[in-house]
Amino acid sequence: MKLVTLALAFVVTAFPLASVAQDTSGTAADEQVLLKQIQTNKRGVFADNLKLTEAESKAFWPVYDQYEADLKKLNDRFLQLINDYAAKYDTLTDEQAAAMLKERLGIDRKRTDLRVKYCERIGKVLPGRKALRFAQLESRIDNLAMRNLYTVIPLAR
Amino acid sequence: MKKTLLALSAMAALCAAGGAIAQTSGNMTDQEQLLVSQIQTDKRAVVLKAMNLTDQEVAVFTPIYDEYQAAMKQHYSRGSELLNKYASNYDSMTDAAAKDLLKEVFEQREERTDTLKKYAKKMSGKLPATKVLRFVQIENKLNTLLDWQAAQVIPLVR
């Protein structure tokens, strides 16, 4: 298992602003274009798709930025987990696997909770339809990143 | 099985479809398309093959897995109802209806996450932890693929 390859793969998918080489061989060509857009400017992807009024923008962006800051903490934990998995992959014990599983499931739950929390907050500052649109976009971006990640992370043996 | 999995995907897609982002639709790799087709035909067989279990482990795994799938089926049904609600409200979606829908979708997601966690715990102690981890990895990967596929056909809320 190549630690660096795995770490980079996650960085480019889950940390959109990171500027590093990537292996996106598992995704189709125009998805790679989208991934590049997200990596370069995820905020811009939302700006283009939400079509906010000036008043909505003023209320929305501070909440969004706080959301991204909180999400980054969970992504940092996830990155640590992937690095740990990569480093131990060839000799992974059941004890280590159990600890990693616990951490993974914990992060997943916290991610869901974070999305619920912020979509509720966004629902208070944006009309319901735009809040739903935000959730749809965020979920789509996350799905793309995870699909990309799964192409480079092998299953536990 | 195919109907059930589509319902799951449809539920997830309510929060996975995107406007400009949806322009990437239909671009799964050939390998992913093949896997989705296999899952829709017989997910149990796909999972069992991917798990790479010994005969003894199969005997332990399959009853728990079947129970897990039965539990997930309830979430799929709710997802199907949510999709119908989204579709029937789509042209005249109000902000209040969108908020209600969003809340329900998230509740459904939490249930799905919790169900996977519950059954992973149930397998722990009965199977090697590396195999339980593998099960969660497989489920996450398959669900991600199905969610993506479903997102291709559901438009972003206007």
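**Entry 1**

I started with α5 (residues 128–150) of chain A and α5(B), whose axes come within 10 Å and cross at roughly 135°. Axes here are lines fitted to C-alpha atoms, for helices over the stretch in contact, with angles from 0 to 180 degrees between N-to-C directions. That angle makes α5(A) oblique to α5(B); angles under 35 degrees count as roughly parallel, over 145 as roughly antiparallel, 65 to 115 as roughly perpendicular, and the rest as oblique. I also noted that α5(A) passes α5(B) in a left-handed crossing, the term for a near helix turned anticlockwise from the far one by less than a right angle.

A note on the source: this is a predicted model, in which local features need pLDDT of at least 70 and side-chain atom pairs count only at pLDDT 80 or more, while totals for chains, interfaces and linings use all residues. Residues are numbered from 1 along each chain as its sequence is written, and chains are lettered from A and ligands numbered from 1 in the order in which they are written.

Next I listed who meets whom. From α5(A) come A:Arg140, A:Asn143, A:Met146, A:Arg147 and A:Tyr150, and they meet B:Lys141, B:Thr144, B:Leu145, B:Asp147, B:Trp148 and B:Ala151 of α5(B). Contact means C-beta atoms, placed from the backbone, within 7 Å. By class, this contact has 5 nonpolar, 2 polar and 4 charged residues. The classes are Ala, Val, Leu, Ile, Met, Phe, Trp, Tyr, Cys and Pro as nonpolar, Asp, Glu, Lys and Arg as charged, and the others, Gly among them, as polar.

**Entry 1: the whole interface**

**Entry 2: chain A and its α4**

Chain A has 5 helices and 0 strands; helices (H or I, at least four residues) and strands (E, at least two) are DSSP runs, numbered from the N terminus. Of its 157 residues, 34% count as buried, meaning 20 or more other C-beta atoms within 10 Å of a residue's own, against 12 or fewer for exposed and partly exposed in between.

I checked the length of α4 (residues 94–125) of chain A: its 32 residues should span 46 Å at 1.5 Å a residue, and the end C-alpha atoms are 47 Å apart, which agrees. The expected span is 1.5 Å times one less than the number of residues. Buried residues of α4(A) include A:Met100, A:Leu101, A:Tyr118 and A:Ile122. Their cover includes α3 and α5 of chain A together with α4 and α5 of chain B.

**Entry 3: single residues**

A:Lys51, not a glycine, has phi near 50°, and lies in the loop between α2 (29–50) and α3 (54–88) of chain A. A:Lys51 counts as exposed, with 10 C-beta neighbours inside 10 Å.

B:Asn52, also not a glycine, has a positive phi of about 55°. I found B:Asn52 in the loop between α2 (30–51) and α3 (55–89) of chain B, exposed with 11 C-beta neighbours inside 10 Å.

Last, I looked at B:Glu111 in helix α4 of chain B. With 16 other C-beta atoms within 10 Å, B:Glu111 is partly exposed. Its C-alpha atom is separated by 7.4 Å from that of B:His75, 36 residues apart along the chain.

How values were computed:
Contact = placed C-beta atoms within 7 Å.
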